[in-house]
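Me: Could you take me slowly through how the two chains are arranged and where they meet?

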Protein chains: 2
Amino acid sequence: MAGAAQEVDTMSDESNQQLGITVSKRQNMSEWYTQVVKKAGLASYAPVKGCMIIEPYGMKLWERIRDTFDDWISDEVDNAYFPLLIPESYLEREKDIVDGFDPEVAWVEKAGNDEELEERLAIRPTSESIIAPYMADTIQSYRDLPLRLNQWSNVVRWEATDTRPFLRTREFLWQEGHTAHASKEAADEEMYTRLDQYARLYEDIMAVPVLEGKKPEHDKFPGADMTTTVEALMPDGKSIQGGTSHNLGQSFSEAFDITYEDEQQQTQHPYTCSWGLSTRAIGALIMAHGDDDGLVLPPEVAPIEVVIVPIMTGDGTDDDVLAYGDEIEEELAGFRTEYDDDQHKTPGFKFNKWELKGVPLRIEIGPREMDDEEVTLVRRDTGEELTITIEDLTETVEEQLEDIQVALFENLKDYRDDHITRAESYEEILERIGRKRGYVTCAWCGDEQCEAEVKDQIAAEIVMVPFEDEREEIEGSCAICGEEAVEIAYFAKNY
Amino acid sequence: MAGAAQEVDTMSDESNQQLGITVSKRQNMSEWYTQVVKKAGLASYAPVKGCMIIEPYGMKLWERIRDTFDDWISDEVDNAYFPLLIPESYLEREKDIVDGFDPEVAWVEKAGNDEELEERLAIRPTSESIIAPYMADTIQSYRDLPLRLNQWSNVVRWEATDTRPFLRTREFLWQEGHTAHASKEAADEEMYTRLDQYARLYEDIMAVPVLEGKKPEHDKFPGADMTTTVEALMPDGKSIQGGTSHNLGQSFSEAFDITYEDEQQQTQHPYTCSWGLSTRAIGALIMAHGDDDGLVLPPEVAPIEVVIVPIMTGDGTDDDVLAYGDEIEEELAGFRTEYDDDQHKTPGFKFNKWELKGVPLRIEIGPREMDDEEVTLVRRDTGEELTITIEDLTETVEEQLEDIQVALFENLKDYRDDHITRAESYEEILERIGRKRGYVTCAWCGDEQCEAEVKDQIAAEIVMVPFEDEREEIEGSCAICGEEAVEIAYFAKNY
């Protein structure tokens with residue numbers, strides 16, 4: 001195809017090599033990830049180890065994820081803001097919580113002229129223990145239920161090891177929803193509703209297929225009756241927990257004395273839920289679709305859907321080509337478009353730059369396109385080129401963006417489905433995870449000890465257990481110990 | 001006027017008295033403020049003294065302020081997110097900053113299994129010292145300028161006394177813009193641009209008139225060349241600083257070694273600016289317009305512009321009235337509307353509730369309105385009632401909302417203009433502020449000592465000094481010491 005790209009191959013700068021990704025995703029995903037995060041302008045390191053600076057392009061991704069989800073929940077859920085600092089005694093009222101988070105808490109003991117505080121304050125690792133007392137003040141009658149609150153905020157968890165931008169940072173941004181309900185059933189419904197919304201956010205917006213399920217008993221959120229999760233398989237065969245939604249039962253309402261009067265004037269403890277999704281989602285998004293040229297973004301989440309690059313040849317047509325670009329940009333007003341008319345950079349430099357940043361579609365326009373009233377479209381995901389007339393422009397762009405969104409999802413889903421395998425024995429679990437990674441499912445007795453045996457051997461754990469009404473029939477006994485099986489376990493290495 | 005309100009007077013609940021505001025704004029503004037904040041559902045106290053919980057209705061106000069301003073700056077400014085925790089050595093690189101904020105810093109010295117950190121970390125009181133090193137990494141050439149970053153975040157300043165929700169809290173939400181420019185002039189332009197946007201935000205959105213000016217030399221932001229401010233006069237005659245915009249000169253770029261190569265390949269330090277506006281704006285908004293029935297919100301910032309209250313009489317027309325309300329709600333789809341069709345509360349209760357929450361317009365519909373295809377409109381600011389036909393509904397609502405927006409602004413502006421008085425001597429300054437409060441202007445030599453004499457006597461300070469090109473001619477000598485005058489000082493008591 002005689003697109004504009006050919007004309008500029010000879011113009012590529014040598015320096016592009018340094019600006020681009022220098023390792024293969026397949027061969028060294030860890031180093032590849034680090035390079036993409038930095039070189040695509042998503043995040044950079046902060047002076048405090050394990051903290052990150054979210055750079056403008058990364059922030060735009062987070063804002064799209066945030067605004068989409070916020071829009072989905074805003075009919076039912078009220079945003080609020082709760083304090084960063086939580087007195088130690090509040091954390092301790094819910095012993096499970098303090099036990100769960102103690103090793104990760106950052107403490108403030110001095111403030112204001114270096115004065116020692118009477119009680120030390122935790123920087124919130126999560127806000128159940130400060131929102132629960134507010135709920136206790138707010139809820140009096142069954143008419144006050146359900147109560148649904150959400151906050152978008154930063155939290156701090158002092159991870160000891162393996163910090164990575166987005167994936168595991170000592171400070172991260174998230175939303176945390178906190179709700180109260182009159183019955184276990186209503187709380188369950190809330191938990192599943194938010195979990196489904198997380199699944200939609202991954203699948204429909206980020207084009208990342210997920211499995212929905214619950215965490216094993218021993219891996220639940222501290223104090224929860226049930227923890228549910230969305231899990232996504234990354235191209236290196238490791239699973240990532242994409243968001244969690246918990247039914248906390250009555251443990252928080254009892255510990256924090258949240259009560260309401262029911263229709264029969266009886267005092268009751270409500271059931272509470274919490275659900276959270278963090279900037280970690282961006283880490284999953286990067287790994288899911290990126291390639292050796294950098295980021296690949298699904299159109300729905302891309303800050304820029306289409307970039308227009310004019311090809312200037314210096315043969316007297318440059319001004320006309322630039323004006324043609326303005327026309328194209330105007331034509332595409334309904335899309336998130338960037339017109340890169342910077343005259344200090346070569347087209348080759350720009351191609352590499354916007355590929356690195358994962359912009360789904362590139363439009364190239366040179367003198368030839370201008371004369372023929374055409375443009376050349378290049379897809380980021382496949383590299384396919386397409387020359388179309390300007391009359392077909394918006395329609396084709398629309399179609400191509402939809403195609404890309406679907407293709408990214410389907411590719412990853414095929415890969416994921418191909419990496420769920422069944423094991424009948426301990427040896428098979430080890431062998432399958434060792435050889436192919438992905439999810440290895442087996443019948444399981446529910447005992448933590450059986451998981452530990454696999455974990456010790458091969459550092460894979462049970463990342464989720466399918467919901468009862470969605471799982472296949474349990475056949476045979478526990479693949480590890482041979483006792484009666486009560487669950488299907490999904491073993492995987494994970495982030 | 002035979003509006004629906006008359007019909008329901010007898011239905012008012014006694015409990016309304018407790019739910020409503022019980023003190024007069026004029027007689028006890030401080031207690032009035034506390035009651036409005038709590039009873040209108042804007043904020044409540046957190047367990048840590050001086051911190052607040054921003055409740056859903058308060059959060060909606062902040063979201064409107066945030067989204068409006070974010071929209072105004074988004075063409076030029078990129079949002080990013082910088083870490084909460086700043087190493088002490090970073091703060092110390094800008095000695096002026098650490099001196100300025102030291103008494104207000106909360107310190108983290110232990111984190112993760114209670115381990116002592118190698119270097120203690122400040123919870124950001126502001127982020128110049130962590131953004132400047134990022135700028136140093138990002139800026140290489142004059143082509144990288146201007147660089148404009150902004151973040152929406154929480155900050156902590158450990159105020160010792162007088163904490164009040166929104167007005168002065170130990171943790172608050174804000175935006176902080178940080179920019180770098182090639183020349184002092186470009187930095188000045190940035191500083192004034194953002195200051196003007198703050199003024200627009202107060203005047204056009206919050207209907208709060210402001211004065212723009214600069215802070216005296218001795219009251220600038222630590223390290224700044226110039227600090228500018230928007231100041232609003234509250235109905236108690238005290239001024240509130242509504243937002244500040246600083247030209248930091250080269251002090252940060254020198255301290256943090258931010259350099260760029262100019263067009264002549266010379267290494268230069270850029271000029272930097274910072275500018276911030278916080279949840280304090282909500283405090284000003286509450287005080288500016290509220291009355292003895294509670295909050296009064298200008299339509300532009302109101303989460304709900306119009307509330308519809310059906311009057312049920314129990315005479316068999318209730319279902320029709322409710323359906324008529326649905327029709328009205330549909331008619332008003334272009335406005336932020338709440339249809340309060342809760343059948344467990346009386347209209348009187350609802351009138352009080354929505355007045356307390358400051359909703360600009362109330363629509364009452366009873367059987368009479370329904371029969372006549374009319375509605376009764378009641379303005380929150382004046383209490384005026386207006387009966388109109390349904391054909392005129394959207395147009396009248398639109399007009400009334402515009403009227404309210406203008407009236408709130410003009411009222412406060414008249415009051416403010418009436419409270420700027422001129423003093424020729426120290427005694428006159430004291431006398432005028434003592435008698436009438438407001439702003440007392442005088443010729444001033446520029447010496448901090450002259451301000452101190454007023455401050456010691458009557459707790460008023462120089463809240464701002466008009467810009468040179470906007471001020472009246474300086475006549476006479478310093479009103480306090482009699483030396484040569486170089487500025488016009490605006491003295492006021494302030495928040």
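The turns below treat the symmetry, the contacts and the strand pairing.

Reply: This is a predicted model, in which local features need pLDDT of at least 70, side-chain atom pairs count only at pLDDT 80 or more, and totals for chains, interfaces and linings use all residues. Residues are numbered from 1 along each chain as its sequence is written, while chains are lettered from A and ligands numbered from 1 in the order in which they are written.

Me: By what turn can chain B be laid on chain A?

Reply: Two copies of a chain are related by a rotation about an axis and a shift along it. Copies are superposed by least squares on the C-alpha atoms of residues with pLDDT of at least 70 in both. Chain B can be laid on chain A with an RMSD of 0.0 Å and a shift of 0.0 Å along the axis, by a turn of 180°. That is the relation of a two-fold axis.

Me: Which element of chain B gives the most to the side that touches chain A?

Reply: Contact requires C-beta atoms, placed from the backbone, to lie within 7 Å, and 40 residues of chain B are in contact with 41 residues of chain A. Helices (H or I, at least four residues) and strands (E, at least two) are DSSP runs, numbered from the N terminus. With 6 residues, the element of chain B that gives the most to this side is strand 5.

Me: Which residue of chain B does Ala106(A) stand opposite?

Reply: Strands pair if DSSP finds at least two bridges between them. Strand 5 (residues 106-111) of chain A and strand 5 of chain B pair in the antiparallel sense over 5 bridges. In strand 5 of chain B, the residue opposite Ala106(A) is Ala111(B).

Conventions. Contact = placed C-beta atoms within 7 Å.
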